[in-house]
Amino acid sequence: MSAQDSADRLGAPGPDSADRLGAPGPDSVDRHIAHWSRELSDLDPQIEGIVTRMQMLVRLLRRNKEGWLASSGLKPWEFEVLHHLVAAGPPYRVAPSLLAEWLDTHPATMTNRLDRMEQAGYITRAHDSGDRRRLLVALTAEGRAVWEERMEEGDRSERALLGTLGPAELGLLDGLLRRLVRGVEENGPPLMPEWPSGGRKPDGGPS
């Protein structure tokens, strides 16, 4: 069975898929591969191309996120606090110590940050009605609105990034990446941990 026949059977792109999918010509990663192929005779151009493109796209996504956060004046850590409060679910209240743990932040640093966010109107802090000794951080309507605005900007940025692909290509890419992730997760922990809910601690890993 040829490489193309095998790729067709698996629903994956094969050697001539660039022509069938209307892919553009060489990109900057191809130049990177050509450069290092002169130094590394056993360099696999396909593996190097896939991994390098994923790395460069993740780097671009991070830069884009920094950009749409900066344009609003919202600091990355402010967005992460709001994001985790929303992820906790109704009533969107969490103990400061849990927020510090989830975000891997020193409690004293978290306290200072929460002071600034409360002054900005994004959160409030109040004693737990069931235990007056326990302080809770609550998301405000303003904080929720700011979070939703930033999420909408992030969505527009991601759609723009993927805008060169058609529906069939997006479906193919989604399926291939899912297969890759499932293969990795079969022999290790989930790449995407469950989000915390209520007072439950997340499983760990990147957000």
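Predicted model: local features only at pLDDT ≥ 70, side-chain atom pairs only at ≥ 80, totals over all residues.

Reply: Residues are numbered from 1 along each chain as its sequence is written, and side-chain values use heavy atoms, with hydrogens and water left out.

Me: How many salt bridges does the rule give?

Reply: A salt bridge is a side-chain nitrogen of Lys or Arg within 4 Å of a carboxyl oxygen of Asp or Glu. By this rule there are 10 salt bridges. One of them joins R53 to D30, with the closest N and O atoms 3.1 Å apart. This pair links distant parts of the chain, since R53 is in helix 4 and D30 is in helix 3 (residues 28-37), 23 residues apart. Helices are DSSP runs (H or I, at least four residues), numbered from the N terminus. D27, D30 and R53 are linked in a network of salt bridges.

Me: Which residue forms a salt bridge with E153?

Reply: The partner of E153 is R150, at 2.7 Å from N to O. E153 and R150 are 3 residues apart in helix 8 (residues 141-161), so about one helical turn separates them.

Me: Is R150 buried or exposed?

Reply: Buried means under 20% relative accessible area, exposed means over 50%, and partly exposed lies in between (1.4 Å probe, protein chains only). R150 has a relative accessible area of 8%, so R150 is buried. E153 is also buried, because its value is 18%.

Me: Which residues is H83 in contact with, apart from its neighbours in sequence?

Reply: Contact means heavy atoms within 4.5 Å. Leaving aside neighbours within four places in sequence, H83 touches W147, M151 and W195. H83 lies in helix 5 (residues 76-87) and counts as buried, because its relative accessibility is 17%.

Me: Which element gives the largest share of the nonpolar patch?

Reply: Patches are made of residues with over 30% relative accessible area and no salt bridge; nonpolar side chains (Val, Leu, Ile, Met, Phe, Trp, Tyr) are joined within 5 Å. The patch here covers about 910 Å², and its residues include I47, M54, L173 and L191. Helix 4 (45-70) and helix 9 (167-185) are the elements that give two or more residues. Helix 9 provides the largest share, 6 residues. M54, in helix 4, is partly exposed at 35%.

Technical notes. Patch = residues over 30% accessible without salt bridge, like charges linked within 9 Å, V, L, I, M, F, W, Y side chains within 5 Å. Areas by Shrake-Rupley, 256 points an atom, 1.4 Å probe, with all protein chains shown as cover.
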